[in-house]
Number of protein chains: 2
Amino acid sequence: MIRFDEMRKLSQVTPSKIVLLVMDGVGGLPDDETDKSELETARCPNLDRLAAEGICGLTYTVSPGITPGSAPGHMALFGYDPSSYDLGRGIVEALGLDVEVNPGDVVARGNFCTVDDNGRITDRRAGRVPTETTRELCALLGEHVRVSQAEVTFFPGKEHRFVMRFRGENLSANIGDTDPQHEGMEPLEARPLDESASDTAAMINDAVSQAASLLADKHPANMLLLRGFSQHPDFPSVSDVFHLTPACIATYPMYRGVARVVGMDILPAGESLQDQLETLRENWDSYDYFFVHYKKTDARGEDGDFGGKVQAIEEFDAALPSILELKPDVLIVTGDHSTPAALAMHSWHTIPVVLWAKYCRRDRVTEFSEPSCLQGGLGQLHAVELMPLAMANALKLNKYGA
Amino acid sequence: MIRFDEMRKLSQVTPSKIVLLVMDGVGGLPDDETDKSELETARCPNLDRLAAEGICGLTYTVSPGITPGSAPGHMALFGYDPSSYDLGRGIVEALGLDVEVNPGDVVARGNFCTVDDNGRITDRRAGRVPTETTRELCALLGEHVRVSQAEVTFFPGKEHRFVMRFRGENLSANIGDTDPQHEGMEPLEARPLDESASDTAAMINDAVSQAASLLADKHPANMLLLRGFSQHPDFPSVSDVFHLTPACIATYPMYRGVARVVGMDILPAGESLQDQLETLRENWDSYDYFFVHYKKTDARGEDGDFGGKVQAIEEFDAALPSILELKPDVLIVTGDHSTPAALAMHSWHTIPVVLWAKYCRRDRVTEFSEPSCLQGGLGQLHAVELMPLAMANALKLNKYGA
């Protein structure tokens, strides 16, 4: 893995354009009946054409055996080693909701949840209360929760999700989650993980206890859970390291949040893949790197819906020709992790990847699928290597050393 | 990657012999018409025999996507991670010209260049002036350029190239290049990159300004550019780390220079591959590790001469039987990088490698080419792993741990 200080010296600005298409959770597992994975089952002539003309492989975003969350998965695809560039859950949620996070602020991801009369959690997501309810509850809490050391703000997300932001002096994010991640347990106290965090922890416990009183009669959303206390990371940007002018086209908050952390411009993505492609076309001349995120493959995988995921892949495939019409110099299609319908969750399995470019040294793979990509010229590689490979294939890298 | 301190403990001296044959820039890209790379096009029965009897793979010398210069490429082949063992341009050039560099000396790579009346660079290589002209100019500068803090010496290289050496007390090499790397700009001042380098920078600027006056009427070589200020690196030697007695047989200065940095004996290589093989035979009993460098594959690749590179491969192939007659215990054939004729420059593409030895566990590859090596038993690996693999196959490594 090349270091960023080295990459900064090698990268140069050229007119060539790179497009990274992320089919979230695209990797899968064979169906018991047919012995074919979602990708093998889908009819995807355009992906197959890319595979035939490009160079294929299998990638992992953290390390073999590790199932990544969406944030580390995407950090790796952007060229950032997730074990060095660690993002708290809170900051990712906050950035994805367009919450302003200043240096010094502390943010946490919140869930409204249900507790029983003994204070034990019976539903960590409060029956996935409607987004509208969460808006009302956030307004209520925002109006009444007051602590002396900081300004407290609640930002509603989708369904039961929200972000809690503390803005004040000398706050620390080194605080343990109040979410025990298991039902049947009571919410935890916010625990300081080092001495300097004890004031902040006390303040958070004060705020949570005020919130608990305000929510007491709001069953099923009669309590809240916090996790991923974090501050704004000070990471080098994609334009600093790779000298690219990057744009993100993603319909979901989380992915925009991660892209924003590495300094991408966030373009309006609309609601559908068609909207996203329209944005891509309109902004084609203004950027030299585009990250386009496609959610449906992961969503259907998480539902355990094999057929739905197959359909999502086919829908994505049908959109490829309009991207190729723009004549990108380098096109990469891959995922941030696998989400096999058989598991109905993110998994550790390697992810098919194709890199399509004029000088890619194509291999003999002619089908975009897990077993085919195993024969590909990229071999099995850490996803952080994809960004240097994209840069190389875009002829944007100078020679390393004399 | 095994650490050197571990390697030192594992390595033992035995009578077995290792030969590393570097076909510079051997990796390529398919021809548009035939869809076959230079290696696939060449008739190379001896390389194919090695592939069939040996274990094959694809290697990269820095990291995926990175196009290496010759120095880092070779450092990796010798077992030294180029990102830890970084060689300045100046030192590589100096060592390759057999310039004596003592601890404390500062050397830089020089170009004679052409500037216009406004002092702007119009040709960074002064029309590639003949080597003879560079000799005369270096003699002139050597006679007249004088600074108080150091002895300044100019060593002519090929065409427009030379090395400038400063020998004195308390010199620093932490100095920015005077070569802006672009035409249309003026040469830069030598800038100190830290405070301790400011005296050295002032001295260099003084020397450069004297040289500029002396060159003023020597159009097209009417100015000079310096880059890669560096000092002699203090790297552990191949004999220290691997307990080998290594020899280098290379016809070009740069490769001898890198080999000298890691402590190899530099044997007279003559002008041709035949000369090199003669040297190999004559010195067979005196060393247990030979690095033989073959330049022509890279030279033809850099020329964009597909057919010429094919021929260079075939010429190398024809020489293999005479090497095999010496009965090396381990023979490795690979390159330091790819130089596809299609790109006419070094590239980032992985490099075919074959390791031939009695116990190598041969794979099913029967042809030495990019697509065949992709199926090989070595997989895709960092070139720094080749030295431990060579040592292992030469039965020169003890067991790691109890």
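Biologist: Happy to look at this one with you! In what order do the eight strands of the open sheet in chain A stand?

Modeller: Keep in mind that we are reading a predicted model. In chain A the pairing within this open sheet is mixed. Going across the eight strands, the order is β9-β8-β10-β1-β11-β12-β2-β13.

Biologist: Which strands of chain A stand at the edges?

Modeller: An edge strand here has a single partner strand, so one side of it is left without a neighbour in the sheet. In chain A that applies to β9 (265–266) and β13 (379–382).

Biologist: How many bridges join strand β8 to strand β10 in chain A?

Modeller: Strands β8 (residues 246–249) and β10 (residues 289–294) of chain A run parallel. One facing pair puts A:C248 opposite A:F291 of β10(A). The number of bridges joining β8 to β10 in chain A is four.

Biologist: And at what angle to β12(A) does helix α3 of chain A run?

Modeller: Helix α3 (residues 45–53) of chain A lies across β2 (55–60), β11 (330–334) and β12 (351–357) of chain A. Relative to β12(A), helix α3 runs at about 65°.

Biologist: Let's turn to chain B. Which residue of β9(B) is the bridge partner of B:A247?

Modeller: Chain B has an open sheet of eight strands with mixed pairing, in the order β9-β8-β10-β1-β11-β12-β2-β13. Its edge strands, β9 (265–266) and β13, each pair on one side only. Strand β8 (residues 246–249) of chain B pairs with β9(B) in the parallel sense over two bridges. Within β9(B), the partner of B:A247 is B:D265.

Biologist: What angle does the direction of helix α14 of chain B make with that of β12(B)?

Modeller: Helix α10 (residues 273–282) of chain B packs on the sheet, touches β8 and β10 (289–294) of chain B, and makes about 175° with the direction of β10(B). Helix α14 (residues 386–393) of chain B also packs on the sheet, touching β1 (18–23), β2 (55–60), β11 (330–334) and β12 (351–357) of chain B. Its direction makes with that of β12(B) an angle of about 15°.

Biologist: Which helix supplies the largest share of the side of domain 1 of chain A that touches domain 2 of chain A?

Modeller: Chain A is assigned domain 1 (4–87 + 235–393) and domain 2 (92–230), with centres 33 Å apart over C-alpha atoms. The contact takes nine residues from domain 1 of chain A and five residues from domain 2 of chain A. On the domain 1 side, seven residues come from helix α9 (residues 253–261) of chain A.

Biologist: Which element gives the most to the side of chain B that touches chain A?

Modeller: Between the chains, 28 residues of chain B are in contact with 21 residues of chain A. On the chain B side, α4 (70–77), α5 (89–96), α13 (370–373) and β13 (379–382) each supply at least two residues. With three residues, the element that gives the most is α4(B).

Biologist: Last one! As by what kind of axis are the two copies related?

Modeller: Chain B can be laid on chain A with an RMSD of 0.3 Å, by a turn of 123° and a shift of 0.2 Å along the axis. The two copies are therefore related as by a three-fold rotation axis.

Note on methods: Residues are numbered from 1 along each chain as its sequence is written. Chains are lettered from A and ligands numbered from 1 in the order in which they are written. This is a predicted model: local features need pLDDT of at least 70, side-chain atom pairs count only at pLDDT 80 or more; totals for chains, interfaces and linings use all residues. Domain bounds come from an automatic or database domain assignment. Two residues are in contact if their C-beta atoms, placed from the backbone, lie within 7 Å. Two strands pair if DSSP finds at least two bridges between them. Axes are lines fitted to C-alpha atoms, for helices over the stretch in contact, and angles run from 0 to 180 degrees between N-to-C directions. Copies are superposed by least squares on the C-alpha atoms of residues with pLDDT of at least 70 in both.
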